[in-house]
Amino acid sequence: MTINATNGPNQDWYWPDDNKVPERNNGALTQADFFALLTQQLAFQDPTKPVENDQMIAQMTNFTMADGISSLNENFKSFAESMSSNQALQASSLVGRSVLVPSSEMVFTGQDLSRGIIDFEQRATDVRVRIEKPNGELVQTITIPEVPAGKFDFVWDGTDSNEEDMPPGVYKIKVDALMGGENQSVPVMVYAPVSSVSLGQPGKGITLNLVGLGAFKLSDVREISYA
């Protein structure tokens, strides 16, 4: 505890904190400890049976390796911190842009078209894209007779089956298609704007906060768009 006066002749007086806990190294041995042990070993060895040269070299090698590993850990820690800083800087440039992420929900802003991509592993027929409210109520079904294998772009203009405008919000999206003679559910990727970036706890990586969809890992991003 340090107490400094704001004015007067005794402004430099302080009381040292006698209860300060000394720093600890968790019992880890340093290079100086290793050489101290080696010195003690040489001092108390049997003069009639001195340590062989190969044994001495082996011990010195072990000490050097231990110190090298410790230095490597410190360097790797600094490298990891540097990588995290670079990733955070790169991720911050995504704020205001749209990214493509896997999601069963999509955002309709009321101004822009809602866009997404469906990745078909094989040729599909009778493709049905269902737009639903959060409670599961059907809003609109987009039917596509046939789609070749590969990525298929789709858009939703924010209208229901009666071509009436829907309010802005988050809507569910489901895609079913006939592939290989079976009706299958197909995963969807949607575009969503990035509102902010969270650095998170050390070791947990960077997350992007998407408008209406919440947090996604930076590794979840499949594509970055200006729109």
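Predicted model: local features only at pLDDT ≥ 70, side-chain atom pairs only at ≥ 80, totals over all residues.
Trainee: Why is Gln 140 called buried?

Mentor: Buried means under 20% relative accessible area, exposed means over 50%, and partly exposed lies in between (1.4 Å probe, protein chains only). Gln 140 has 17% relative accessibility, so it counts as buried. In the chain, 24% of the 227 residues are buried.

Trainee: What surrounds Gln 140, leaving aside its neighbours within four places in sequence?

Mentor: Gln 140 lies in strand 5 (residues 138–147). Its contacts (heavy atoms within 4.5 Å) include Val 129, Arg 130, Ile 131 and Trp 156. Asp 160 is also one of these contacts, and the side chain of Gln 140 reaches the backbone oxygen of Asp 160 at 3.1 Å.

Trainee: Why is Asp 126 called partly exposed, and why is Glu 163 called exposed?

Mentor: The relative accessible area of Asp 126 is 36%, so it is partly exposed. Glu 163 has 68% relative accessibility and therefore counts as exposed. Asp 126 is in strand 4 (residues 124–132), whereas Glu 163 is in the loop between strand 6 (150–156) and strand 7 (169–179). Neither is a glycine: phi is near 50 degrees, a positive value, in Asp 126, and about 60 degrees, also positive, in Glu 163.

Trainee: What makes strand 9 and strand 10 a pair?

Mentor: Two strands pair if DSSP finds at least two bridges between them. Strand 9 (residues 188–198) and strand 10 (residues 207–210) have four bridges and pair in the antiparallel sense. Ser 198 has Thr 207 in strand 10 as its bridge partner.

Trainee: Which strand pairs with strand 10 over four bridges, and in what sense?

Mentor: Strand 11 (residues 214–217) does, in the antiparallel sense. Thr 207 stands opposite Lys 217 in strand 11. Strand 10 and strand 11 form a hairpin with three residues between them, and Gly 212 in the turn has a positive phi of about 80 degrees.

Terms used: Residues numbered from 1 in each chain as written. Heavy atoms only, no water. Helix = DSSP H or I, 4+ residues; strand = E, 2+ residues; numbered from the N terminus. Polar contact = N/O pair within 3.5 Å; in protein donor to acceptor, adjacent residues only side chain to side chain.
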